[in-house]
Amino acid sequence: MKWSADLAYVVGLITTDGSLSKDGRHIDFTSKDINLIRTFAGVLKLKNKIGLKSSSYGKGKTYYRIQFGNVKFYHFLVDIGLTPNKTKTLGSLTIPKEYFIDFLRGHLDGDGYTFSYWDKRWKSSFMLYTGFISASKPHLEWIQKEIKTLWKLDGALNFSGRSTYHLMYAKKSSVALLEKVYYKDCLPCLERKQSKIMQSMGIIRQEAQVV
């Protein structure tokens with residue numbers, strides 16, 4: 001398969017919220033956000049039915065899912081480092097440097113997060129953090145290394161205490177990274193997350209002008 005920005009984004013989504021079946025053919029993508037499922041399907045031009053899946057972690061919780069079979073795409077994903085039952089065994093992936101930021105946007109939409117707040121210790125100080133989550137420490141170590149190599153940005157890797165690890169970027173590094181993640185308009189992404197981030201980035205830009 002030929003790499004592209006859109007394909008790298010989809011790989012990021014599959015890396016976080018997707019799974020490969022053991023039959024060597026089928027791929028599943030699950031999300032609590034129907035719009036992310038539709039974006040995923042749109043990028044891959046899938047016409048498959050979107051179904052519902054009950055959560056194994058909480059009664060009454062359901063998620064949206066789409067499944068499809070594609071042997072060529074399945075083998076492509078295996079070749080770059082994904083495997084069935086990848087949750088705790090995931091390591092580095094073979095992602096072209098020029099598309100790593102698109103992969104990272106998919107990773108952020110799948111299992112990443114941002115949060116912001118006003119720090120009362122400092123006058124007019126608005127904080128914005130960006131985090132990536134995985135049950136595999138080696139996988140986040142790889143992402144941490146790639147971000148450092150490509151953009152000289154430092155992130156802190158910590159164990160959450162609930163079988164997951166968090167790779168966190170604080171204010172300056174967070175802003176610099178997010179500016180790269182959303183490097184142009186009309187990129188495939190989870191729009192509600194992007195909108196929240198853009199609002200926070202706007203506050204930070206206004207803060208910089210005041211200073």
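Is Tyr-169 buried or exposed? I looked it up: Tyr-169 is buried, with a relative accessible area of 0%. Buried means under 20% relative accessible area, exposed over 50%, and partly exposed in between, with a 1.4 Å probe and protein chains only.

Notes on the source. The model is predicted, so I keep to its limits: local features need pLDDT of at least 70, side-chain atom pairs count only at pLDDT 80 or more, and totals for chains, interfaces and linings use all residues. Residues are numbered from 1 along each chain as its sequence is written, and side-chain values use heavy atoms, leaving out hydrogens and water.

Entry on ring pairs. I counted rings of Phe, Tyr and Trp (its six-membered ring) as paired if their centres lie within 6.5 Å; planes under 30 degrees apart are stacked, over 60 edge-to-face, the rest tilted. The count comes to 16 aromatic pairs. Phe-100 and Trp-151 have ring centres 6.2 Å apart and planes at 40°, so I noted the pair as tilted. Phe-100 is in helix α4 (residues 100-111) and Trp-151 in helix α5 (residues 137-151), 51 residues apart. Helices (H or I, at least four residues) and strands (E, at least two) are DSSP runs, numbered from the N terminus. Phe-100 is buried, at 1% relative accessible area.

Back to Tyr-169. Its ring and that of Phe-132 have centres 6.5 Å apart and planes at 80°, so this pair is edge-to-face. Phe-132 lies in strand β6 (residues 126-134) and Tyr-169 in strand β8 (residues 165-169), so the pair ties together parts 37 residues apart in sequence. Phe-132 is also buried, with 0% relative accessible area.
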